[in-house]
Amino acid sequence: MIVDRAWVERNIGFDPIEVQPPPASFAFSPAAQRRASLDELQRDIIEFDSEGPEGAAFLAFTKSTGLGRFTEIPWPTGLAPKTGPKPTGGPDAPLPQADVLVVTWTVDEGHALSRVLTPGKDSRDDYAPYAHNFASISRNMSKGSPAVKAHRLGAYWPTTIAGKAVLVFKSESHLSQDTDRRLPSDGILPNALVWKQIIAEVRPRLILTTGTAGGIGKDFEVGDVVVSPIVRFDSQKWLRHAPFHAGVYKSKPAATKFFNEATALFKANSGQLPSDNTRPPKIVTVDPATVSSSVVTTDFFGFDTSDNHFKLWNLGDASEMGDAVLGLVAEELAADAPPWLAVRNVSDPEIKAEGDIEKEGKIAAAIYKAYGRWSSVCSAIVCWALVAAL
């Protein structure tokens, strides 16, 4: 699928190039400018909260629906997630150990993941704050980064799936936001330090990094999920001189035992996805032998366009801005690294070129704000399937 301005108007209710949404519908105020930069649009995506005031303003202006319309998922008998009790440690305590560590990134991804995997607990309102070693790790973070603004590294809650202990973690640390777009003087990424610390504390048997991404190629629609044991850096900007700027990292293949069940469970909420979708959401499982199919981590707000503006074709199936840091850390940990997978849902498909990448960025951002939470419900269900099969 290639989406254009007419698609956005049909499915969301306005043309984001011709019509500027109300300033109140932006979480990051600079993104409300008519000529907002891609960096500003990306920050708005990270902080946009469909359950907050900006979400209310956006929903009122568009055809979008909020998670208040979420339909409870009819889990197979004995396999429903069971939300755990409140963690006993304070913000400065290490994370508890678990069989699986599931990490997500944006505010709306957190809402969706918590709705699916920790029923009754929301990542924004209920999760326990995590600030262990915050002063040390945040030393190289920019003053305006989400983690510094929140005074924590993330928030978390335990759950159980098929007898496995799972820790769901909403990160405030982001590769694209932690620094002032330069590699720290010591060459160490704050986000990598966060990964190393939480892996050492949780000691999981499996790590899942999950959330929204841009689909690469015409075959993807909003809600599709890419499950990849391969992540790679595509660094063209501030990380282009880093030793890992083009690093490719591999893990073990995904256990697909419950993928048919997961696909069937999408149906409960797939009615909230774009009406122009031509089919139900699908799961794409990346073969670890096929490097051209992967999750691509860019050091810029990249998304696929019909003119291949960012040269993403043949690099992978989905583009996002962080997962390759986990691959980098796993390579450094070597034999001590647990298996991991990137589980990315398509929040925006390929976008028809407009001859102006900032305008195309407005389209990508509008689609995310309309459907990012609903497409993330799909990837959260796939995370459930991967844990159940462990």
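**Cavities and a covered strand**

The structure holds four cavities of 30 Å³ or more. Keep in mind that this is a predicted model.

**Largest cavity**
- The largest cavity takes in about 370 Å³ of space.
- It is lined by 25 residues, and Gln42, Thr106, Thr212, Glu320 and Met321 sit closest to its centre.
- Two or more lining residues come from each of these elements: helix H2 (38-47), strand E7 (206-215), strand E13 (318-320), E14 and helix H10 (357-388).
- Sorted by class, this lining comes out as 12 polar, nine nonpolar and four charged residues.

**Second largest cavity**
- Here the space is about 140 Å³.
- The lining has 15 residues, with Pro21, Phe26, Lys362, Ala365 and Ala366 closest to the centre.
- H2 and H10 are the elements that give two or more residues to this lining, and H10 gives the most, with four.
- By class, the second largest cavity is lined by 10 nonpolar, three charged and two polar residues.

**Strand E8**
- Strand E8 (residues 225-228) is covered on both faces: Val225 and Val227 are buried on one side, Val226 and Ser228 on the other.
- With strand E11 (residues 283-285), E8 pairs in the parallel sense over three bridges; Val225 has Ile283 as its bridge partner in E11.
- With strand E14 (residues 340-348), E8 pairs in the antiparallel sense over four bridges; Val227 has Val343 as its bridge partner in E14.
- E14 also turns up among the elements lining the largest cavity.

Methods:
Residues are numbered from 1 along each chain as its sequence is written. This is a predicted model: local features need pLDDT of at least 70, side-chain atom pairs count only at pLDDT 80 or more; totals for chains, interfaces and linings use all residues. Side-chain values use heavy atoms; hydrogens and water are left out. Buried means under 20% relative accessible area, exposed over 50%, partly exposed in between (1.4 Å probe, protein chains only). Two strands pair if DSSP finds at least two bridges between them. On a 1 Å grid over the protein atoms alone, a cavity is a set of points where a 1.4 Å probe fits but cannot get out, and a pocket is an open set with protein on both sides within 12 Å along at least five of seven lines; lining residues have an atom within 4 Å of a point. Grid points are joined across faces, edges and corners, and a volume is the space filled by probe spheres set on the points. Ala, Val, Leu, Ile, Met, Phe, Trp, Tyr, Cys and Pro count as nonpolar, Asp, Glu, Lys and Arg as charged, and the others, Gly among them, as polar.
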